[in-house]
Amino acid sequence: MARRQVEYPKGNDIQDVCRRFGLHLKTSRRRMGYTQEQLAERLDLSANFIAHLERGSRKPSLDTIVSLSRFLEVPLESFLKIDVAPAPVSKEKPLVRRAS
């Protein structure tokens with residue numbers, strides 16, 4: 001059976017970053033052969049929370065990302081290495097004036 005290539009969403013807003021994180025989490029969990037329930041139980045999290053992370057509808061804390069990285073034997077950088085373009089620099093004048 002041929003493996004499907006995972007398509008990561010493109011975009012730079014936080015919701016897109018969370019979706020890409022979730023897809024990476026789901027791929028890593030399945031590679032290790034765990035269900036959402038098994039992963040949640042091992043990390044003392046709820047299966048519902050794991051499902052939300054995988055859908056990109058919740059933002060994980062740094063502690064959660066580190067725990068997932070260690071347990072799933074995935075380098076921490078791979079969870080954090082999500083290409084995000086820098087925010088465009090505004091050419092508008094600042095709203096607050098500096099004291100002279």
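Exposed residues here are those with over 50% relative accessible area, buried ones have under 20%, and partly exposed ones sit in between, using a 1.4 Å probe and protein chains only. Glu73 counts as exposed, because its relative accessibility is 59%.

Before going further, a word on what you're looking at. This is a predicted model, where local features need pLDDT of at least 70, side-chain atom pairs count only at pLDDT 80 or more, and totals for chains, interfaces and linings use all residues. Residues are numbered from 1 along each chain as its sequence is written, and side-chain values use heavy atoms, with hydrogens and water left out.

**The chain as a whole**

The chain has five helices and zero strands, so called because helices (H or I, at least four residues) and strands (E, at least two) are taken as DSSP runs, numbered from the N terminus. Read in order, the pattern is α-α-α-α-α. Out of 100 residues, 29% count as buried. The accessible surface comes to about 8100 Å², with 52% of that belonging to carbon and sulfur atoms; the areas are from the Shrake-Rupley method with a 1.4 Å probe, and for residues only the protein chains shown count as cover. As for contacts (heavy atoms within 4.5 Å), take those between residues at least 6 apart in sequence: 56% of them join residues at least 24 apart.

**Two loop residues with positive phi**

Back to Glu73, which is in the loop between helix H4 (62-71) and helix H5 (76-80). Its phi is near 55 degrees, a positive value in a residue other than glycine. Asp44 also has a positive phi without being glycine, near 60 degrees. You'll find Asp44 in the loop between helix H2 (36-43) and helix H3 (47-55). Is Asp44 buried or exposed? Asp44 counts as exposed, because its relative accessibility is 72%.

Two packed helices are described by the angle between their axes and the distance between the axes. The axes are lines fitted to C-alpha atoms, for helices over the stretch in contact, and angles run from 0 to 180 degrees between N-to-C directions.

| Helix pair | Axes come within | Crossing angle |
|---|---|---|
| H2 and H3 | 8 Å | roughly 115 degrees |
| H2 and H4 | 11 Å | roughly 110 degrees |

On the H2 side the contact uses Gln36, Glu37, Leu39 and Ala40, and on the H3 side Ala47, Ile50, Ala51 and Glu54. By class, those residues are five nonpolar, one polar and two charged, where Ala, Val, Leu, Ile, Met, Phe, Trp, Tyr, Cys and Pro count as nonpolar, Asp, Glu, Lys and Arg as charged, and the others, Gly among them, as polar.

Now H4. The axes of H2 and H4 cross at roughly 110 degrees, and that makes H2 roughly perpendicular to H4. H2 passes H4 in a right-handed crossing. Here Leu39, Arg42 and Leu43 of H2 meet Ser67, Leu68 and Phe71 of H4. The contact of H2 with H4 has four nonpolar, one polar and one charged residues.

**A buried threonine**

Which residues does Thr64 touch, not counting residues up to four places away in sequence? Thr64 lies in helix H4 and touches Leu45, Phe49 and Leu53. Thr64 is buried, because its relative accessible area is 12%.

Notes. Angles under 35 degrees count as roughly parallel, over 145 as roughly antiparallel, 65 to 115 as roughly perpendicular and the rest as oblique. A crossing is left-handed if the near helix is turned anticlockwise from the far one by less than a right angle, and right-handed if clockwise.
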